[in-house]
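Work through the exercises below with the structure open beside you. Try each task before you read its solution.

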Amino acid sequence: MDVIVVGAGPAGSTAAKAVAEKGYSVTVYEKGPLKREKPCGGGVSDRVVKEFGLEHADTFWDRFCQGIFLCSPQNRTVVLVDKAGGKGYLVMREKFDYFLVEKARKAGVKFVENTYAEPFLKDEKIHGIKTKEEVIESDIVIACDGTPSSFARKLGIYSGNDYNQAAAYQYQMKMDNTEIDEKIGDNMEIYFGHQWAPYGYSWIFPKNGTVTVGNGTWLYALKKCKATLKKLLDTFIQEHPVASEKLENAEIMYPQSAMIGFTGVANPLYLDNFMVAGDAAGFVSVPTGEGIYYSMVSGAAAGEVAAEAVQRRDTSRTVLKKYKKRVDEKIGTDMKWGYWLRRLVMDKEKNQEQLIRASLRDEWIYDMTGRLIGGDIGYKQFMINYLLRPDKVFRLLWG
Ligand SMILES: Cc1cc2nc3c(=O)[nH]c(=O)nc-3n(C[C@H](O)[C@H](O)[C@H](O)COP(=O)(O)OP(=O)(O)OC[C@H]3O[C@@H](n4cnc5c(N)ncnc54)[C@H](O)[C@@H]3O)c2cc1C
């Protein structure tokens, strides 16, 4: 086989599709069933649909997202509405991920579910995967096994450090659509405040007859405040002055929890015959937690480079290093600048408060905040726009 992809999330399906589209054989091995609900808020930015040509998006989304509602630590609220007509989509991951699987299948990708994959090594290099039953050899393996990537770790690739380990906890809650429309509308809701999620944030994402309510933060922050995410989320649902009223009739269906790949980008991203993409490689936005877009961008880049390498009959790191160059060009600045933004916004309640206050008072800041969170502009561009407008920096910080 030419290429094996490990993991059938957004990164894996996108990587495999890119390989198949160039005419090479590719199989995705997924440890679980292909149809299953993953812990995720399900916010999919508009650029995912545009850049990946996801036509018939109406078959996978539960709600079209019109805006982003932000609530400050002192309960000031603002709804950032996109003047251009929409911020993205609110999806249940079972449907969304399976949509990507089907799209990849149409391109010629084979999927094998319920099969756990481990690296198969020969002469200290990876040459395929081992499952419980067999060894399957391939020219290239792309690990898209989510965070933390046990596959990459077995090859000695780690990302991040203890400071950057983060986790999220959420409930899928049943809520009447009429009540969702009335109280939440078609907005992704984000709540700041260390009391509810220290150094992180809480969210309410409306779907069709359900809402996803969760919180996430860094493990060091939880340790510092001696709290668990579950306890903080329960308190948020029951006591938050704004959110508790909206959720008063919502019923918990089931909880979900997972790590978030805020661990920093893996180094290296490739070896001979091997690449790592998506959450497994640490491609997640640190300020917003958006990971679907970044996993698909990195997956596509890995798939394209894999196809080129197979065509050249050279799958060594000399050829695969192109992968790093391509992801760096496309999302490298977001990964680097994201940490600065996080330090500016997430770490200090004062700054969260000020961001929302300034967005309410100043149309330019309002527009910039909406474009940043909605993914319309990258973090570097956001910072540059401010550097070019010192008056707005002043307004943002002190106005
Ligand atoms: C609570 C929470 C909320 C989030 N909300 C959002 C959001 O609203 N919007 C957004 O953009 N991002 C969100 N994210 C991040 C987003 O979920 C991830 O960035 C995205 O799923 C990454 O896709 P991926 O394909 O890299 O990995 P995953 O989606 O994690 O897929 C990895 C796949 O690999 C499989 N696998 C793992 N190990 C093996 C193995 N050894 N063999 C075979 N298969 C294996 C897993 O079963 C899984 O299916 C959220 C994350 C969390 C935890």
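**Exercise 1. Find the buried residues of helix α12, then inspect both ends of the helix.**

Solution. This is a predicted model, so every value here is computed from predicted atoms.

Step 1. Locate α12 at residues 363–373.

Step 2. Apply the cut-off: buried means under 20% relative accessible area. Ile365, Tyr366, Met368, Thr369, Gly370, Leu372 and Ile373 are buried in this helix.

Step 3. Look at the start of α12. A side-chain oxygen of Asp362 comes to within 2.8 Å of the backbone nitrogen of Trp364.

Step 4. Look past the end. Gly375 follows α12, and the phi of Gly375 is positive, near 85°.

**Exercise 2. Give the strand order of the open sheet with 6 strands, and name its edge strands.**

Solution. Step 1. Read across the sheet: β8-β2-β1-β12-β19-β18. The pairing is mixed.

Step 1. Find the strands that pair on one side only. They are β8 (110–112) and β18 (270–271), the edge strands.

Step 2. Zoom in on one pair. Strand β12 spans residues 140–143 and strand β19 spans residues 274–276. These two strands run in the parallel sense, joined over 3 bridges.

**Exercise 3. Describe which residues surround the ligand, and which elements and domains supply them.**

Solution. Step 1. Count the shell: 37 residues surround the ligand. The closest are Glu30, Arg36, Gly41, Gly43 and Asp279.

Step 1. Sort the shell by class. There are 17 nonpolar, 12 polar and 8 charged residues.

Step 2. Trace the shell to helices and strands. α1 (10–21), β13 (166–174), β15 (201–206), β17 (251–260) and α9 (292–312) each supply at least two residues. β17 gives the most, with 3 residues.

Step 3. Check the domains. Domain 1 (3–63 + 89–160 + 263–340) and domain 2 (162–260) each provide at least three residues of the shell.

**Exercise 4. Find the distances from ligand atoms to polar backbone atoms of Ala11, Gly43 and Ala117, then say how much of the ligand is buried.**

Solution. Step 1. Start with oxygen. An oxygen atom of the ligand is 2.9 Å from a polar backbone atom of Ala11.

Step 1. Turn to nitrogen. A ligand nitrogen atom lies 2.8 Å from a polar backbone atom of Gly43. A nitrogen atom of the ligand is also 3.0 Å from a polar backbone atom of Ala117.

Step 2. Finish with area. Taken alone, the ligand exposes 1000 Å². The protein buries 92% of that area.

How values were computed. Residues numbered from 1 in each chain as written. Predicted model: local features only at pLDDT ≥ 70, side-chain atom pairs only at ≥ 80, totals over all residues. Heavy atoms only, no water. Near = heavy atom within 4 Å. Polar contact = N/O pair within 3.5 Å; in protein donor to acceptor, adjacent residues only side chain to side chain. Areas by Shrake-Rupley, 256 points an atom, 1.4 Å probe, with all protein chains shown as cover. Helix = DSSP H or I, 4+ residues; strand = E, 2+ residues; numbered from the N terminus. Nonpolar A, V, L, I, M, F, W, Y, C, P; charged D, E, K, R; others polar. Domains from an automatic or database assignment. Pairing = 2+ DSSP bridges. Buried < 20%, exposed > 50% of the residue type's maximum accessible area, 1.4 Å probe, protein only.
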